[in-house]
Amino acid sequence: MQHGTRLSMHTLASVPASVARPSYDIEGTRIGIVHLGAGAFHRAHQAVYMDDLLAQHPDWAICGVSLHSRDVRDALGPQDGLYTLALLGEQSRLRVVGSIRELLWAREESAAVLARLAQPGVRLVTLTVTEKGYCLAGDGLDLAHPDIVHDLAMPDAPHSAIGYVAAGLYQRWRQGIAPYTVLSCDNLAANGHRLRRAVLQFAELRDTAFAAWIEARVAFPCSMVDSITPATDDALRERVRHELGCDDAWPIQREEYTQWVVEDRFCNDRPPLEQAGVTLSQDIAGYDRAKLRLLNGAHSTLAYLGSLMDIDSVGDAMRNEALSGFVALLMRERIATAIALPEGLGASTYIDAVLHRFRNPSIRHRLSQIAWDGSQKLPVRLLSTIGEALAQGKDVEALCLPIAAWMHFVRRQALRGVALVDPMNDVLSALGRACTGEAAKDVSAFLVLAAIFAPLSADERFVASLTHAYASLGDASPGQVSRVLLAASAAIRGA
């Protein structure tokens with residue numbers, strides 16, 4: 001193919017055999033899913049699962065809807081919805097994905113979106129619109145949000161994801177068509193429950209009988225998703241052009257590892273997700289907990305201890321024996337043993353997979369980015385595990401090391417005059433500048449921050465362990481941190 005030729009149904013047959021391509025008749029598929037928020041993560045994650053199913057189950061192709069930007073439609077429309085996925089690993093590989101059969105921009109094609117939502121063949125609506133796309137305030141809908149105000153006034157010409165979900169269901173209710181299942185795929189705790197409350201609240205304001213129908217008939221399963229999806233860059237575009245022999249306006253990339261856990265609660269048929277590797281479970285909270293405590297907790301541990309050691313990325317951190325050895329032991333012997341894991345999730349296998357992901361040479365995840373928003377992340381990633389370990393009468397000395405490292409990190413950044421990427425930057429920077437290096441005094445100053453440390457700050461065992469961990473890090477130099485980690489690992493092994 002000549003340079004400038006675009007990937008499309010016409011050029012697909014000319015793509016080299018080294019690039020995987022759909023194994024099914026793309027034009028013979030039928031749309032059964034409408035996805036709101038057809039961005040990179042959806043195209044790297046859920047759309048790939050469906051691509052794996054369509055050869056045997058052709059009724060589950062996707063209509064991708066962009067709510068705010070026309071970019072995906074304009075990029076992939078001329079390509080007949082086809083795009084390239086780069087799977088990043090030791091031996092990275094490319095595949096062409098064909099599961100998205102229609103692309104719509106809601107702001108310009110609202111009528112087409114609503115018509116698609118009303119079609120009986122659509123039995124599943126999925127969403128990746130980020131947390132802000134749900135227009136929430138606390139546990140309910142933000143009735144002052146401009147999009148919600150608009151949608152309540154003009155429910156048949158919606159702007160928001162909530163408005164579109166409700167408008168499609170309203171048409172089906174009025175026409176006597178079975179409802180679709182509504183499945184959130186965003187990283188939002190209890191995502192299905194929160195989405196259900198928002199839609200019900202919206203529907204109640206439109207028609208109480210309609211809301212009662214949703215409450216009785218519509219399913220909103222919870223889910224958990226996981227896969228690192230770096231942004232598309234020029235290097236990826238050039239690689240795709242070279243290997244495919246044609247241009248792809250918007251290829252995407254992700255790590256090879258992917259996880260999708262879905263609550264098995266659907267109201268109108270469902271694709272056989274388990275055949276594509278999806279885990280069906282009634283304990284989504286358990287999987288969320290495992291991800292937050294084991295994966296994200298380990299990420300934060302690497303971020304703060306690694307930053308003190310002048311290490312740049314996760315991959316670099318995993319090549320440091322003192323740090324990688326400590327993190328692996330912390331996960332296996334201190335985190336996994338303190339938390340309740342969901343049935344069917346083997347701690348050892350999951351931890352092995354996480355550590356393998358951390359070592360992926362094709363992804364450079366900077367520790368400075370993971371260190372953002374520590375005041376918000378530490379309570380759920382590490383302090384919650386410490387609280388459970390204390391309730392079980394377990395030693396928390398090792399678990400306190402990353403918390404102490406964060407305190408030293410805050411102090412170091414403040415003394416260097418570097419602002420923290422954190423909503424509590426002003427408070428933390430002032431606190432960091434006031435630190436003296438005296439462990440008892442510095443730790444006490446941090447523990448006053450109730451939004452982070454309550455109720456643990458009242459536990460004498462926690463205060464003593466955290467103070468000892470902070471003191472042990474001394475000047476928090478790379479050499480001292482390394483010595484502390486080696487000693488901590490030896491203590492865990494000898495316990």
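Reader: Which residues have the most contacts inside the largest nonpolar core?

Author: This is a predicted model, where local features need pLDDT of at least 70, side-chain atom pairs count only at pLDDT 80 or more, and totals for chains, interfaces and linings use all residues. Residues are numbered from 1 along each chain as its sequence is written, and side-chain values use heavy atoms, with hydrogens and water left out. A nonpolar core is a set of buried Ala, Val, Leu, Ile, Met, Phe, Trp, Tyr and Cys residues joined through side-chain atoms within 4.5 Å, buried being under 20% relative accessible area with a 1.4 Å probe and protein chains only. The largest such core holds 89 residues, and those with the most contacts inside it are Leu-36 and Ile-214.

Reader: Which helix gives the largest share of this core?

Author: Helices are DSSP runs (H or I, at least four residues) numbered from the N terminus. With eight residues, the largest share comes from α6, residues 161-175.

Reader: Which element gives the largest share of the lining of the largest pocket?

Author: A pocket is an open set of points on a 1 Å grid over the protein atoms alone, where a 1.4 Å probe fits, with protein on both sides within 12 Å along at least five of seven lines; lining residues have an atom within 4 Å of a point. The lining has 38 residues, and Asn-187, Lys-291, Asn-296, Lys-377 and Arg-381 are the closest to the pocket centre. Six lining residues, the largest share, come from α10.

Key
Helix = DSSP H or I, 4+ residues; strand = E, 2+ residues; numbered from the N terminus. Buried < 20%, exposed > 50% of the residue type's maximum accessible area, 1.4 Å probe, protein only.
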